[in-house]
Amino acid sequence: MTKRASTLHRKVVIKAAEEAEASTATSDIPVLRKPSTTPERKRKPLLAPSKFQPRSSRLDLETLDKEKSEFRGWVNFVGLSVCAYLIFTSVHNWSFLGQFFTLRLYRSVILDTPTLLLADLGMVTLCFGAFILQKLIVARAIAPRMELILQHLFQSCLFVYCLSFIWLRDFPWLQSASFLMHTIVMFMKVHSYLSTNRELAYQVALRASKISGSGDDWGTSDEEMYKKNKVLYPHNVTLRNFVYYLLVPTLVYETEYPQTDRIRPMYILEKVIAFLGTFWLLYISVEHYIMPVLDNMKTMSPFETLIALLLPFMLCYIAMFYMIFELICNIVAELTYFADRQFYQDWWNSVTFDEYARKWNKPVHEFLLRHVYLESIHKYKVGKTWATFLTFFFSSVLHELVMVVVVKKVLFYLFFLQ
């Protein structure tokens with residue numbers, strides 16, 4: 001290059017990554033900011049090389065058969081036990097009530113559903129503002145100092161939209177919690193999309209500075225990250241790429257993910273059947289063991305209520321985990337050709353809460369690791385102890401927000417349980 005970079009925004013043109021290594025000619029990749037050239041305060045990269053790789057989920061029947069896991073027989077036993085329980089309970093209901101199940105819970109679930117779906121569609125549509133914002137950043141239509149401010153303002157709008165709808169429409173607790181949790185998921189996706197692209201822009205600028213001989217040394221982490229991605233910034237900022245990212249079951253943005261070569265209809269059918277069975281188990285458990293206790297809470301002591309709800313809640317917790325992370329996530333992954341199915345690890349073998357928190361919900365864990373813990377350390381210069389505290393604090397606030405929406409009170413139960 002013939003001109004040395006002196007501002008945060010300048011044009012550096014590279015035709016391809018391979019050509020850039022052999023030549024110092026200009027190319028078509030714009031550099032949006034200049035990396036620091038101060039040697040004693042060298043910036044650490046926020047992004048490590050992608051950890052996504054093709055792998056199956058831990059309790060997937062295909063995985064259990066392939067690995068000849070000792071869990072295979074246990075999974076069969078649990079499945080047969082659940083089927084027997086559902087059949088016997090349905091027959092019992094038919095004998096005494098004249099119906100397989102009551103419609104009380106069903107009526108509460110479908111209440112105001114059309115409005116909820118429209119509100120959720122509006123929230124998802126609002127998320128496309130992140131793509132528009134990133135396009136403006138690529139076009140250098142936004143000053144660098146305003147990028148982060150606009151990002152946080154936009155993310156705040158998602159919560160304002162969601163909470164306003166919940167309070168104004170007075171949705172039932174189930175619909176309110178579902179809407180809020182979906183909003184939290186989309187909030188995490190939007191944050192990861194904008195933050196990761198900002199870091200990618202920095203890495204492109206760092207590489208261009210190295211080629212021109214005007215910047216810091218090219219670190220090992222940066223080199224691996226740059227070479228591993230076939231789709232380079234800003235060529236990843238396309239509507240197709242953004243829509244695909246919104247669909248795949250992950251909360252951490254990458255320019256590309258490992259993909260399968262086909263969709264397996266029988267695999268999806270297996271997961272759908274398992275989903276219907278698990279949902280039926282949840283429905284009957286809530287209807288038979290939770291709702292009667294909630295109806296009689298005024299006549300029961302807190303201790304009696306806790307004992308009566310402990311096992312049903314534990315059953316529902318395990319069923320919800322299986323339904324979301326093993327069934328729904330795998331169905332969505334199969335339909336989107338998403339090959340990395342490690343949505344959880346063996347959390348049932350955890351001996352500490354910290355280990356459990358890392359293993360039971362991998363998508364959220366990966367988001368918190370990259371965008372709360374690591375960002376706190378590298379971007380805001382916070383120590384590891386404070387970064388850990390901020391990570392748990394952020395998670396606790398989101399959990400408590402869900403609890404507030406459900407019970408309409410600030411109780412701090414989930415906040416302190418974190």
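I took helices (H or I, at least four residues) and strands (E, at least two) as DSSP runs, numbered from the N terminus. The model is predicted, and local features need pLDDT of at least 70, side-chain atom pairs count only at pLDDT 80 or more, while totals for chains, interfaces and linings use all residues. Residues are numbered from 1 along each chain as its sequence is written, and side-chain values use heavy atoms, with hydrogens and water left out.

**Entry 1: helix 3**

I looked up what follows helix 3 and found Gly98, with a positive phi near 80°. Next I checked the length of the helix.

I then listed the buried residues (buried is under 20% relative accessible area, exposed over 50%, partly exposed in between, with a 1.4 Å probe and protein chains only). In helix 3 they are Leu86, Thr89, Ser90 and Asn93. I noted the general rule that an α-helix has 3.6 residues a turn, so residues three or four places apart point the same way. Helix 10 is among the parts that cover the buried residues of helix 3, where contact means heavy atoms within 4.5 Å.

**Entry 2: a nonpolar patch**

I looked for patches, made of residues with over 30% relative accessible area and no salt bridge; like charges are joined within 9 Å, and nonpolar side chains (Val, Leu, Ile, Met, Phe, Trp, Tyr) within 5 Å. A salt bridge is a side-chain nitrogen of Lys or Arg within 4 Å of a carboxyl oxygen of Asp or Glu. Areas come from the Shrake-Rupley method with a 1.4 Å probe, and for residues only the protein chains shown count as cover.

One nonpolar patch on the surface has about 730 Å² of accessible area together, and its members include Trp94, Leu103 and Trp280. Helix 4 (residues 104-110) gives the most to this patch, with three residues. Leu103 sits in the loop between helix 3 (71-97) and helix 4. Its relative accessible area is 36%, so I wrote down Leu103 as partly exposed.

**Entry 3: positive phi in loops**

I found Arg140 with phi near 60°, a positive value in a residue that is not glycine. Arg140 is in the loop between helix 5 (113-138) and helix 6 (144-169), and is partly exposed at 38%. Tyr337, also no glycine, has a positive phi of about 65°. Tyr337 is in the loop between helix 11 (302-335) and helix 12 (353-359), and is partly exposed at 33%.

**Entry 4: aromatic rings**

I counted rings of Phe, Tyr and Trp (its six-membered ring) as a pair if their centres lie within 6.5 Å; planes under 30 degrees apart are stacked, over 60 edge-to-face, and the rest tilted. The count comes to 30 aromatic pairs. In one of them, Phe128 and Phe242 have ring centres 5.4 Å apart and planes at 70°, so I recorded the pair as edge-to-face. It links distant parts of the chain, with Phe128 in helix 5 and Phe242 in helix 9 (residues 239-247), 114 residues apart. Phe128 is partly exposed at 27%, whereas Phe242 is buried at 0%.

Tyr245 and Tyr253 are also edge-to-face, because their ring centres are 5.0 Å apart and their planes at 80°. Tyr245 is buried at 0%, and Tyr253 is buried at 0%.
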